Amino acid sequence: MEKFTVLTGVAAPLPLINVDTDMIIPKQFLKTIKRTGLGKNLFDEMRYTADGAENPDFVLNKAAWRGATILVAGANFGCGSSREHAPWALLDFGIRCIIAPSFADIFFNNCFKNGILPIVLPQEEVDKLMDDAERGANATVTVDLENQIIRGPDGGTIAFEVDAFRKHCLLNGLDDIGLTLQKQEKIDGFEQTRAQQMPWLVASRPAA
Amino acid sequence: MGKPTTLFNKIWQSHLVATQDDGTCLIYIDRHMVHEVTSPQAFEGLRMAGRAVRHPEATLAVADHNVPTTDRKAGISNPESRLQIETLEANARDFGVPYLAMDDIRQGIVHIVGPEQGFTLPGATIVCGDSHTSTHGAFGALAFGIGTSEVEHVLATQTLVQKPAKDMLVRVDGQLRPGVTAKDIVLAIIGEIGTAGGTGYVIEFAGEAIRSLSMEGRMTVCNMTIEGGARAGLIAPDDVTFEYLKGRPLAPKGALWEAAVSWWRTLKTDEGAVFDRTVVLDASTIEPQVTWGTSPENVVPITGRVPDPAAEADPARRAAMQRSLEYMGLEAGTPMTEIPVDRVFIGSCTNGRIEDLRAAAAIAKGRKVAASVNAIVVPGSGLVKEQAEAEGLDEIFREAGFEWREPGCSMCLAMNDDKLAPGERCASTSNRNFEGRQGRGGRTHLVGPAMAAAAAITGKLTDVRAL
């Protein structure tokens, strides 16, 4: 996973609530067996017309935001399915940070596993950043994870909260599995206790 | 006696492997289901790191999202779908994971297969790379959907890194009126709390109306917990649960069964335990529900009308309502029962179980699908299909003009050939009415199985009680 430290870039405004995972990456693109290459189909049904042409009204098709690395969105971003293809598509497009008043739980978790920082801010702060984002390429935003600060184009700053463990993993690009495997003895111990106390939970294979 | 605690907390505490200073927990996962869409990258990750699956026997693989629901002898025509299923087969073989093949009678939607096989057990932690894993909470299991990175984590370590959720109680008091089902209960709950109302919570469902539900009905309620934002729903296990599980292939047997049941009987929220939030509904006021928009919270009783965005005070919500109505091609104020449908879909992990098919067949029996409607019935698993055929339900559906299909996820998410054309309107027993969910430009109205069958007969959204 790529580290996340300080990100400076263009923020794209997406002022919709309940942006769901089907909007972020429709199911026809879930047939892939890879993690990469989904960026071209990010927000596919909003971004392209039925015949495959770019929809000129969609924000990421406008010159100012084609290179956006930050997304500012409405409440409950990422609701719906558990598909990690949603953060993969965002990442593949180049989005490394999403700012919204709230996120759906599974999507929120999935972002951290892919080096994407989702930031929850009060609605009025999101509204301010949404205004900044509307200014496009002339107004870059800086997200500083170490100091937990967002710097707007006019120099104002907004502090944000982030879970300490997740911050640590993002800053260092750490792989969860490697960390967990260091606790192998505890897992072994748990399994021994479980086999004694709840032996019915020890699984057996289905008949062939 | 310790401090009174919730069912969620009991299961959580009994699965704690380690706790970090910041409250992050490592929890043990008892059961892991795997399907073809969200697992290939996880197995690839294991391969690249040279890691094995820690407990293949606690893992169950089955293809469901991409499988065709028409004649399977012809194979899968879409090359990407075929590759995805072949990849699952190969991964299951290479890593020693049990796999139910497409021609196995036990194949079906993961969330229907798990309970049927007794893979799902009370008090267990169960995960799957699919948000509707919440279904298994109907058994008093802590079950939730995870992303592919977490799938890889569970495969490698049989654990997950998590923070504890908050506790919400949703109590549905009293009894349902005739013609009202589990689907209506859960849609009414989502209408009440909103699609993000459960975010950060595990919801325990309780109350007389929940207790009175069959296991099938309880699964329908827990299945849609995620549409209310909560990753997991829970219903305390009782005799209904044990009766359903007894004798299932993977359920404990003999003395082990007896020991398990006596433990399972302790799996309930203690008297006096405190919830972070409590919501109470009166079952007798719930009517058959139907969605009008593109979020499951956009729901009204079938006796209601398409709401008017002008009456919504919040500008963001008003804008979302306007966008929904435009997408759905609906005018504010239209009575729901005046909305014609082109397609009907009966199936999915929400409503693809035997009881659902019986409810739909009871409406279809002796009637005909309207000439303007194409209606399909997709059983949730091979075993559901077999049972339905033994009861003659397939004949009832066919005679009425419904298509009788092979099991799978089908038109719930339209990854196979079962999808809506742009502008087509569907009464669907599935769980999501998002834009494009059932096909680009497709318009979905979520309903229960009897309501879907009624819509197929009349050619429009219909109050099943009036049929």
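The legends below describe close-up views of a predicted model.

**View 1. An open four-stranded sheet in chain B.**
The sheet of 4 strands is open and runs in the order E11-E10-E9-E12 of chain B. Its pairing is parallel. Strand E11 (232-234) and strand E12 (277-282) of chain B stand at the edges. Each has a single partner strand, so one side of each is left without a neighbour in the sheet. On average, neighbouring strands of this sheet are turned by 20 degrees against each other, direction ignored.

**View 2. The pairing of strands E9 and E10 in chain B.**
Strand E9 of chain B covers residues 166-173, and strand E10 of chain B covers residues 201-206. The two pair in the parallel sense over 6 bridges. Val170(B) stands opposite Phe205(B) in E10(B).
Helix H6 (residues 182-193) of chain B packs on the sheet. This helix touches E9 and E12 of chain B. The direction of H6 makes about 130 degrees with that of E12(B).

**View 3. The contact between chain A and chain B.**
Here 50 residues of chain A are in contact with 68 residues of chain B. Several helices of chain A give two or more residues each to the side that touches chain B. They are H1 (21-24), H4 (105-112), H6 (164-172), H7 (176-181) and H8 (184-197). What classes of residue make up this side of chain A? The residues divide into 24 nonpolar, 11 polar and 15 charged.

**View 4. The annotated domain of chain A.**
An unreviewed UniProt entry places the feature "domain: Aconitase A/isopropylmalate dehydratase small subunit swivel" at residues 1-124 of chain A. The end C-alpha atoms of this span lie 32 Å apart. Residues 1-124 of chain A are 22% helix and 17% strand.

**View 5. Helices H13 and H15 of chain B.**
Helix H13 (residues 354-364) and helix H15 (residues 393-400) of chain B pack at an angle of about 45 degrees. Their axes are 9 Å apart. The angle makes H13(B) oblique to H15(B). H13(B) passes H15(B) in a left-handed crossing.
Which residues meet between H13(B) and H15(B)? From H13(B) come Leu357(B), Arg358(B), Ala361(B) and Ala364(B). From H15(B) come Leu393(B), Ile396(B), Phe397(B) and Ala400(B). By class, the contact of H13(B) with H15(B) has 7 nonpolar, no polar and 1 charged residues.

Key:
Residues are numbered from 1 along each chain as its sequence is written. Chains are lettered from A and ligands numbered from 1 in the order in which they are written. This is a predicted model: local features need pLDDT of at least 70, side-chain atom pairs count only at pLDDT 80 or more; totals for chains, interfaces and linings use all residues. Two strands pair if DSSP finds at least two bridges between them. Axes are lines fitted to C-alpha atoms, for helices over the stretch in contact, and angles run from 0 to 180 degrees between N-to-C directions. Two residues are in contact if their C-beta atoms, placed from the backbone, lie within 7 Å. Ala, Val, Leu, Ile, Met, Phe, Trp, Tyr, Cys and Pro count as nonpolar, Asp, Glu, Lys and Arg as charged, and the others, Gly among them, as polar. UniProt positions are given in the numbering used here, feature names are shortened, and annotations may be inferred rather than shown by experiment. Angles under 35 degrees count as roughly parallel, over 145 as roughly antiparallel, 65 to 115 as roughly perpendicular and the rest as oblique. A crossing is left-handed if the near helix is turned anticlockwise from the far one by less than a right angle, and right-handed if clockwise.
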